[in-house]
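Me: I'd like to learn how to read a structure like this one. Could you walk me through it, feature by feature?

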Amino acid sequence: MLFLYFQAIISPLVFACFFLKKTDQRLISIFLVGFYLLVFAMAFRFGVDWYEYEKSFENPGENYFEYGYVALEKLFSYLGFNYYVFQFVVKFCFWLACLKLMSKYSTLNPFSIFLYFLLSTVFLNDFIRQQLAATFIFIALIRLKKGFLQFFLLVFLGSLFHKSAFFVLPFYFLYQSKKVEYIFILLALIAFGLCILVYSIL
């Protein structure tokens with residue numbers, strides 16, 4: 001419920017983007033990303049999965065998580081960082097990639113980011129592994145025109161953090177039809193979100 005209040009407070013600013021220039025929209029987008037990062041990444045022990053992930057961070061390898069995620073946990077732990085710093089870095093990378101993706105494909109960046117937040121609140125707070133995978137998915141979508149090999153490698157890297165990333169692969173071939181380029185982006189994001197929900201239940 002608290003997040004809905006946040007959305008209500010900033011919604012006038014978001015809808016103002018319909019009447020603003022691109023440069024002003026970008027400033028609002030950066031503000032929104034910074035605001036959401038502050039809300040989610042700066043929260044301490046907030047969310048149903050925090051304790052499970054914190055326990056995993058303190059005892060890496062003693063769980064069922066993917067190899068890439070466990071390796072990243074061990075790296076941060078070896079460098080002397082705690083889980084709070086770890087999750088902040090993950091969410092920072094996620095929101096930065098999200099901002100880049102929206103800037104590339106959306107004509108109304110602030111509204112797209114606002115809508116994405118509104119429809120993905122649970123995902124944005126608790127699902128650390130999925131956010132890592134999504135970061136690579138976003139980069140892959142940004143670099144679609146670089147060819148299938150690069151797209152596949154980025155998706156593969158994402159799958160090292162959450163295996164649902166592989167479900168995005170078929171959409172590359174849909175992208176080859178230029179008439180549905182932007183529909184593809186929307187479908188890819190929706191499909192990835194649905195896969196996250198399914199795999200989170202399993």
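Reply: Let's start with a charged pair: R129 and E66 form a salt bridge, and their closest N and O atoms are 2.9 Å apart. R129 sits in helix α8 and E66 in the loop between α3 and α4, so this pair ties together parts that are 63 residues apart in sequence. Keep in mind that this is a predicted model.

Me: What is the general idea behind such a pair, and how many salt bridges turn up in the whole structure?

Reply: Side chains of opposite charge can pair when their charged atoms come close. Here, a search of the whole structure finds two salt bridges. The other one joins E66 to K163, with the closest N and O atoms 3.7 Å apart. K163 is in the loop between α9 and α10 and E66 in the loop between α3 and α4, so that pair ties together parts 97 residues apart in sequence. Put together, E66, R129 and K163 are linked in a network of salt bridges.

Me: Is R129 buried or exposed? And what about E66 and K163?

Reply: The cut-off for buried is under 20% relative accessible area. R129 has 7%, so it counts as buried, and E66 is buried too, at 11%. K163 is partly exposed, with 43%.

Me: Okay, on to the greasy parts. Which residues have the most contacts inside the largest nonpolar core?

Reply: In soluble globular proteins, nonpolar side chains tend to be buried together. In this model the largest nonpolar core has 37 residues, and Y36, W95, I113, F138 and F151 have the most contacts inside it. Several helices give two or more residues to this core, including α2 (22–41), α5 (83–105) and α8 (128–142). Take I113 as an example: leaving aside neighbours within four places in sequence, I113 contacts S29, L32, V33, Y36, W95, L99 and M102. There's also a second, separate core of 13 residues, with Y53, F57, F65 and Y83 among them.

Notes
Residues are numbered from 1 along each chain as its sequence is written. This is a predicted model: local features need pLDDT of at least 70, side-chain atom pairs count only at pLDDT 80 or more; totals for chains, interfaces and linings use all residues. Side-chain values use heavy atoms; hydrogens and water are left out. A nonpolar core is a set of buried Ala, Val, Leu, Ile, Met, Phe, Trp, Tyr and Cys residues joined through side-chain atoms within 4.5 Å. Buried means under 20% relative accessible area, exposed over 50%, partly exposed in between (1.4 Å probe, protein chains only). Helices (H or I, at least four residues) and strands (E, at least two) are DSSP runs, numbered from the N terminus. Contact means heavy atoms within 4.5 Å. A salt bridge is a side-chain nitrogen of Lys or Arg within 4 Å of a carboxyl oxygen of Asp or Glu.
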